Protein chains: 2
Amino acid sequence: MTADDRFVVATYVVEDEEKQLRKRADGIAIGLTVGSWTDLPAATQERMRPYCGRVEDITVEERLPDGRVRARIAIGYPVVNFPARIPALLTTVFGKLSMDGKIRLAGLHLPASFARAFPGPKFGAAGVRQVLGVHDRPLLMSIFKSCIGLPMDELVAAFTEQALGGADLIKDDEIFFNESLASPEDRVRAYREAARRTEAETGQRVLYAVNLTGPVTELRDRARRLAELGAGALLINAFAYGLDVLQALAEDPEVSVPLMAHPAVAGAMYAAPGYGISASVLFGQLLRLGGADIVIYPSPYGTVTLEAEESGQVLHHLRADNGLKPALPAPSAGIHPGLVPLLVRDYGMDVIVNAGGGIHGHPGGARAGARAFMAAIRAVVAGRSLREAAEDSPELAAAIQQWGVREA
Amino acid sequence: MTADDRFVVATYVVEDEEKQLRKRADGIAIGLTVGSWTDLPAATQERMRPYCGRVEDITVEERLPDGRVRARIAIGYPVVNFPARIPALLTTVFGKLSMDGKIRLAGLHLPASFARAFPGPKFGAAGVRQVLGVHDRPLLMSIFKSCIGLPMDELVAAFTEQALGGADLIKDDEIFFNESLASPEDRVRAYREAARRTEAETGQRVLYAVNLTGPVTELRDRARRLAELGAGALLINAFAYGLDVLQALAEDPEVSVPLMAHPAVAGAMYAAPGYGISASVLFGQLLRLGGADIVIYPSPYGTVTLEAEESGQVLHHLRADNGLKPALPAPSAGIHPGLVPLLVRDYGMDVIVNAGGGIHGHPGGARAGARAFMAAIRAVVAGRSLREAAEDSPELAAAIQQWGVREA
């Protein structure tokens, strides 16, 4: 183990008096590891040394009008202090510290050996493509809308429309918790049959991502059962349930389907400048470590947005060479067919085009909405412009009429 | 069920154009429940009506210099949409919405029937007192410091010092995850024996709150095992592991010890003004609903602080009459004996005086540190001033010498 392999390095952005920075950094390095140092007997210091944090770097980034500075402080935490589980990692590097006024956990650097101790994606981008048998184009995911209160036959009809339009994946709305009319098990069974019928008609495989809900103690059993019943993937509100739930599912060989992490509630942590935890840590690093095969997170295009630079960092981490399989990005919110060229420019071919309103809000309905997206995807892969492709696709033409087009 | 019993009402603080507020509120009420409304057929509307959210209130609070306003928007969400589990509640009321720019979930109003569907504290304030046999004074909790890397015999010695000083509860450091030298099971066994010895000497019961760590799928079994082995309470990093873990433990009759929730990582959600989720929702409402008997959260006195008004709101919710047992507040950070009068003034007698540095940093060591606190607690209960009490307690005198005193 090299010296660098011994520390997880967390980088924080703080605002403080410049002359306080060193003391503050020392306080973090010691306070969040061995608790105290200078007042310990020499023999105790010797024994605790392997567990003691260290200040890696202090960089002043900006002088503020009030005389203080904005600075980055990097602290190394010995990996022996915690196991490779996200709650332990987060509690150590941003537990008490999260409550220390204006401070943001901006970045994490994990030693390769520590990162590899996490499961990471079971399928990864290539694995999801293999399940679908689609290797040469962006994937299309359709988001179920208006589910609560509908009886199963209407849900099946809605599923079928999305599938016939060409969606590769169809995901539940993340707020679908009511089980009185259609439990997750019922939906998986019913949509599995619907998918068989549409696959026979179109020749295209479709995966249903079912919202994994219930008491946390029952999630693993339910995940196994839903996978066994034929779920195509599991949608997990990972931040609401806790990121260790994701990891537990990723580590379980009986949960034999891709895991799709939803960003719900994460905005409470990343949205405020200067506070909380950066989106690149949450979406790019933690979700991938925990084993999300597909990571849904805000696109930089819609109304619910993520700043372009931060969005780029997420993408970097989802694919960075860290010994784990790369995850598939599903940038979301405000996606319509006219954005597909931009999506492919910004994310490459290994992207999930994820749409709700952009499919269901199509003037011709959800089937036409999915068709418009597939026409856009095929056009981009073929190097054609959308306006040219729209000449062969009335659905794409109607979508462009409605939402416009942004060629890359 | 009355009309008011049918809705959970979430209040948000937003900044927007005044003329946009109604549209935005409608968008939330519909978007986070039934998905769409005006474009649905009348028959579908009729069927979905019970699941549709509604705008309860819009109040402009302040006109901002840029012409926009700061406003409170209250949205009612039908309780039939989600079960009484925190991840479902949070995903619905602040899932996608948490990513909608500058917005804060400031408050929650839960119908009594919905609140009572949560477990709430198993012991509550009175139950914790009953376990300890202490009914007439604030409780003293000592926080273990500098644990990582110490062998069991030194940990036992440290435990014994804190117990002999008079601590009612001794809690692990929340960052204690390393199990190589002393697993939670080993600690519970060893401290149980140490507690027997100190109880024989002092006649005072002491509860050890062990840090509940490990994969989320194993936490319930471990909690049962630790309770069985003689743990006095369980310390839970509830925000890192997920609040549903707390609820699952509270609902499990075999977890027969009080649950103590630690606020680690919560600052990532509440610390930024105008963003995230208020501390009163997180600490005051969700932790109590989930079943924390003891809620550790920042005091308004130390360096890691919570604003006094927000802190008061937390306390209000921990004790509010909602059909669940009240939880015990353990305001933390920067607590020293000289603050006890202020603590009792602000929190009443039903408070846990929770100290780490204020005990271990005492010039006479941890035992003297705990004694100083107990002398301060007894003085306040007897209506004596600390300076007067210090005449009979050299430990309190030394503490006052070191940290001063703030009479209420």
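Student: Which strands of chain A does helix α6 lie across, and at what angle does α6 run to β6(A)?

Tutor: Happy to start there, keeping in mind that this is a predicted model. Helix α6 of chain A spans residues 152-164 and lies across β5, β6 (169-171) and β7 (207-211) of chain A. Its direction relative to β6(A) is given by an angle of about 150°.

Student: What is the strand order of the open sheet in chain A, and which are its edge strands?

Tutor: Eight strands form this open sheet, with parallel pairing, in the order β12-β11-β9-β8-β7-β6-β5-β13. From one strand to the next, the twist averages 25°. An edge strand pairs on one side only, and in chain A that describes β12 (328-332) and β13 (352-355).

Student: How many bridges join β5(A) to β13(A), and which residue of β13(A) is the bridge partner of A:L140?

Tutor: Strand β5 of chain A covers residues 139-143 and runs parallel to β13(A), with four bridges joining them. For A:L140, the bridge partner in β13(A) is A:V353.

Student: Are α16(A) and α18(A) roughly parallel or roughly perpendicular to each other?

Tutor: Let's look at the geometry: α16 (residues 366-382) and α18 (residues 394-403) of chain A pack with axes 8 Å apart, at an angle of about 95°. Angles of 65 to 115 degrees count as roughly perpendicular. The two helices, α16(A) and α18(A), are therefore roughly perpendicular.

Student: Which residues of α18(A) meet α16(A), and how do the residues of this contact divide by type?

Tutor: On the α16(A) side, the residues are A:A368, A:R371, A:A372, A:A375 and A:A376, and they meet A:E395, A:L396 and A:A399 in α18(A). By type, the residues of this contact divide into six nonpolar, no polar and two charged.

Student: Why do the buried residues of α8(A) line one face of the helix?

Tutor: In α8 (residues 219-229) of chain A, the buried residues are A:L219, A:R222, A:A223, A:L226, A:A227 and A:L229. Seen down the axis of α8(A), these residues line one face because they fall within an arc of 160°.

Student: What do the buried residues of α8(B) pack against?

Tutor: In chain B, the buried residues of α8 (residues 219-229) are B:L219, B:R222, B:A223, B:L226, B:A227 and B:L229. Their packing partners in chain B are α7 (184-202), β7 (207-211), β8 (233-236), α9 (238-241) and α10 (243-251).

Definitions and conventions:
Residues are numbered from 1 along each chain as its sequence is written. Chains are lettered from A and ligands numbered from 1 in the order in which they are written. This is a predicted model: local features need pLDDT of at least 70, side-chain atom pairs count only at pLDDT 80 or more; totals for chains, interfaces and linings use all residues. Side-chain values use heavy atoms; hydrogens and water are left out. Axes are lines fitted to C-alpha atoms, for helices over the stretch in contact, and angles run from 0 to 180 degrees between N-to-C directions. Angles under 35 degrees count as roughly parallel, over 145 as roughly antiparallel, 65 to 115 as roughly perpendicular and the rest as oblique. Contact means heavy atoms within 4.5 Å. Ala, Val, Leu, Ile, Met, Phe, Trp, Tyr, Cys and Pro count as nonpolar, Asp, Glu, Lys and Arg as charged, and the others, Gly among them, as polar. Two strands pair if DSSP finds at least two bridges between them. Buried means under 20% relative accessible area, exposed over 50%, partly exposed in between (1.4 Å probe, protein chains only). The arc is that of the directions from the helix axis to the C-beta atoms.
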